Amino acid sequence: MKTAFCFDLDGTVTSTEILPCIASELGIADEIATLTRATMDGHIPFEASFRLRCLILSRVEPSRIRNIVAEIPLDSSLLSFIQENRNDTFIVTGNLDIWVQPIIELCQCHLISSTGIYENDRLHIKNILNKAIAVSNVRALGYERVVAVGDGANDAPMLSASDISVAFGGVHTPSTIARSASQYIIHDGATLCKMLRAL
């Protein structure tokens, strides 16, 4: 059975949330981390929160963002699995394509994300990803089965739309909403990869 693997990025493949790391450049990491956590727990709508966080973080130079993101540690087990299955693996993230590119280059897999561009030193968000639509688009590529892995409330549409869904808590406990949308809850990257390889 032709299977696609869809992974959330922040706090799932990465060992920390990306936006607070960028915010550390402005000295507001704790504030952005609190806003991010409230969003991942479903207390704040993702789109509104994401636009606000991007507006704040757009003060950081794009080249500096790229360098910060390149240094963010990844779950080694998940990275190995993604690289081994790169042709059938999709990072599905609400984060911006122009910010997460260093991680995608390392993973060597497909990216489905929110999109943005810099024009005249200003960040413009072109599209904010709907993760349920992302799963539909993956299916349209000819996949008979979609496996989704995520941890936040914004992952729930992807988890609900997939055939096999896993709430993954490698960094922190998955949100209640993500757990409710999932068939499995796993807290360790090596265990998750063992399960995925057995499918």
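Two residues are taken to be in contact when heavy atoms of each lie within 4.5 Å. The model described here is predicted, so that local features need a pLDDT of at least 70 and side-chain atom pairs count only at pLDDT 80 or more, while totals for chains, interfaces and linings use all residues. Residues are numbered from 1 along each chain as its sequence is written, and side-chain values use heavy atoms, with hydrogens and water left out.

By this contact criterion, Pro73 touches Thr14 and Ser15 when its neighbours within four places in sequence are set aside. Pro73 is located in the loop that joins α5 (62–70) to α6. Its relative accessible area is 47%, so Pro73 is partly exposed; in this classification, buried means under 20% relative accessible area, exposed means over 50%, and partly exposed lies in between (1.4 Å probe, protein chains only). Between the C-alpha atoms of Pro73 and Met40 the distance in space is 20 Å, at a sequence separation of 33 residues.

The protein chain contains 11 helices and seven strands, where helices (H or I, at least four residues) and strands (E, at least two) are DSSP runs numbered from the N terminus. With a radius of gyration of 16 Å, close to the 16 Å that the globule rule gives for 199 residues, the protein chain is as compact as a globular protein of that length. The radius is taken over C-alpha atoms, and the rule is 2.2 Å times the number of residues to the power 0.38. Along the principal axes, the C-alpha atoms of the protein chain fill a box of roughly 45 × 30 × 30 Å. Of the 199 residues in the protein chain, 51% are buried. Among contacts in the protein chain with a separation of 6 or more, 58% involve residues 24 or more positions apart.

Two helix pairs were examined. Helix α3 (residues 29–40) and helix α4 (residues 46–57) have axes that come within 10 Å and cross at roughly 165°. Axes are lines fitted to C-alpha atoms, for helices over the stretch in contact, and angles run from 0 to 180 degrees between N-to-C directions. The crossing angle therefore makes α3 roughly antiparallel to α4; angles under 35 degrees count as roughly parallel, over 145 as roughly antiparallel, 65 to 115 as roughly perpendicular, and the rest as oblique. The crossing of α3 and α4 is left-handed, a term that applies if the near helix is turned anticlockwise from the far one by less than a right angle, with clockwise giving right-handed. On the α3 side, the contact is formed by Ile32, Leu35, Thr36, Thr39 and Met40, and on the α4 side by Phe46, Ser49, Leu52, Arg53, Ile56 and Leu57. By class, the contact of α3 with α4 comprises seven nonpolar, three polar and one charged residues. Here Ala, Val, Leu, Ile, Met, Phe, Trp, Tyr, Cys and Pro count as nonpolar, Asp, Glu, Lys and Arg as charged, and the others, Gly among them, as polar.

In the second pair, helix α6 (residues 76–84) packs with helix α11 (residues 189–198) at an angle of about 30°, their axes being 8 Å apart. The two helices α6 and α11 are therefore roughly parallel to each other. From α6, Ser77, Leu78, Ser80, Phe81 and Glu84 take part in the contact, and from α11, Gly189, Ala190, Leu192, Cys193, Leu196 and Arg197. The contact of α6 with α11 divides into six nonpolar, three polar and two charged residues.

The loop between β3 (110–119) and β4 (122–127) includes Asn120. Although not a glycine, Asn120 has a positive phi of about 50°, and this residue is exposed, with a relative accessible area of 76%. Asp121 is found in the loop between β3 and β4 and has a phi near 65°, a positive value in a residue other than glycine. With a relative accessible area of 75%, Asp121 is exposed.

Arg139 belongs to helix α8 (residues 131–139) and is partly exposed, at a relative accessible area of 28%. Beyond residues up to four places away in sequence, Arg139 touches Glu144, Val146, Ala161, Ser162 and Asp163. Met1, in the segment before β1 (3–7), is exposed, with a relative accessible area of 69%. Leaving aside neighbours within four places in sequence, Met1 is in contact with Glu144 and Arg145.
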